[in-house]
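The following note records several points for the attention of a colleague reviewing this model.

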Amino acid sequence: MSRKIDNLPEPAGRRPMKLIVASPSRSGTLGLYRALQILGFKPYHMYECVIEKGVSHIEVLHEAVIAQHNRLSGITRYSRDDFDKWFAEYDTLVEIPSFLGTAVFEAYEKDPDVKFILTEREPEKWVASINNTAGPIVKQAKSFPLNILKYFDNGLYQFITQTETTYAVLSDRTYPNGPRNEAALRRNYTEYISMVKKVIPADRLCVIKVEEGLGWEQICPFLGVPTPSQEYPDRNEPARFQAIAEGVMTPMFARALIKLATVSIPIVGVMAWVVMKQGSSLSRIIARNL
């Protein structure tokens with residue numbers, strides 16, 4: 001069975017992996033992504049996956065999540081060779097490993113040159129943050145107009161579907177804010193954090209509690225690099241990422257509406273109005289989720 005990863009072009013070269021940030025999304029990962037760029041690392045984060053690489057990498061991520069968490073899928077789980085191909089241009093992974101259980105750690109933990117960082121926050125705060133970001137996307141994906149519009153643009157469909165699948169893994173397939181949802185999210189989060197601490201050798205793992213501070217003083221000594229003179233990046237950068245997300249999502253909505261128009265012109269006007277009303281709010285949600 002051919003996999004999405006098998007169809008990615010073979011890279012011209014590969015960077016050696018230096019650092020894996022095992023932190024789940026909504027744990028200061030966006031700020032870490034920007035900070036590591038300042039420090040000279042080449043990090044792969046959801047921003048790189050969605051914005052820089054696009055559909056082919058979103059499909060690979062989706063496939064990797066399914067292969068890791070659904071043993072009945074028929075998809076061969078990713079190996080070190082697969083990860084090396086996928087991340088060939090990068091020397092650092094940020095938050096992506098958290099979607100894949102133990103797979104990435106098993107692939108790189110025996111490499112003595114790879115270091116690991118784990119940021120953690122209070123479980124209740126993490127649950128609330130996930131349900132304020134990925135949760136609304138999952139809800140809107142099942143509601144008009146997105147439940148129809150997503151089928152008319154592949155980029156939009158792949159992003160929405162990947163988000164739904166990953167959220168299902170995190171929440172034991174519960175619906176955002178529904179019965180058992182918060183308990184499932186909290187349990188899976190705490191089990192994941194405990195697993196990372198057990199699997200990764202303590203002398204190669206830097207654990208940082210977000211509520212106690214996340215900045216240069218927490219990461220630079222561990223990485224053995226000088227502290228930059230510039231301020232540590234704002235981990236949210238809301239205005240910047242809202243603009244980026246709207247720039248990405250607006251063409252997706254437009255392409256979907258154009259394709260839909262060839263099928264059912266009378267409802268396009270209504271859908272266009274709804275998209276204009278909902279599009280900016282969805283873009284803001286996606287910006288926070290990146």
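1. A residue is called buried when its relative accessible area is under 20%, and exposed when that area is over 50%. The structure under review is a predicted model. Thr 29 has a relative accessibility of 4% and therefore counts as buried. The residue is placed in helix H2, which covers residues 29–38.

2. Which side chain does the side chain of Thr 29 meet in a polar contact? The partner is the side chain of Glu 95, at 2.7 Å. When neighbours within four places in sequence are set aside, the residues in contact with Thr 29 are Ser 23, Pro 24, His 45, Val 94 and Glu 95.

3. The contacts of Tyr 175, leaving out neighbours within four places in sequence, are with Val 138, Lys 139, Lys 142, Tyr 167 and Asn 181.

4. The pairing of helix H3 (residues 46–53) with helix H4 (residues 55–69) deserves a separate point. Their axes come within 7 Å and cross at roughly 140°. H3 and H4 are therefore oblique to each other, since an angle must be over 145 degrees to count as roughly antiparallel.

5. On the H3 side, the residues of this contact are Met 46, Cys 49, Val 50 and Lys 53; on the H4 side they are Val 55, Ser 56, His 57, Ile 58 and Leu 61. By class, the contact of H3 with H4 comprises six nonpolar residues, two polar residues and one charged residue.

6. For the protein chain as a whole, the model shows 13 helices and five strands. Of its 290 residues, 54% are buried. The accessible surface comes to about 13200 Å², and carbon and sulfur atoms account for 53% of it.

7. Finally, the sequence separation of contacts may be noted. Taking contacts between residues at least 6 apart in sequence, 76% join residues at least 24 apart.

Terms used: Residues are numbered from 1 along each chain as its sequence is written. This is a predicted model: local features need pLDDT of at least 70, side-chain atom pairs count only at pLDDT 80 or more; totals for chains, interfaces and linings use all residues. Side-chain values use heavy atoms; hydrogens and water are left out. Axes are lines fitted to C-alpha atoms, for helices over the stretch in contact, and angles run from 0 to 180 degrees between N-to-C directions. Helices (H or I, at least four residues) and strands (E, at least two) are DSSP runs, numbered from the N terminus. Angles under 35 degrees count as roughly parallel, over 145 as roughly antiparallel, 65 to 115 as roughly perpendicular and the rest as oblique. Contact means heavy atoms within 4.5 Å. Ala, Val, Leu, Ile, Met, Phe, Trp, Tyr, Cys and Pro count as nonpolar, Asp, Glu, Lys and Arg as charged, and the others, Gly among them, as polar. Buried means under 20% relative accessible area, exposed over 50%, partly exposed in between (1.4 Å probe, protein chains only). Accessible areas come from the Shrake-Rupley method with a 1.4 Å probe; for residues, only the protein chains shown count as cover. A polar contact is a pair of N or O atoms within 3.5 Å; within protein, one must be able to donate a hydrogen and the other to accept it, and residues adjacent in sequence count only if both atoms are side-chain atoms.
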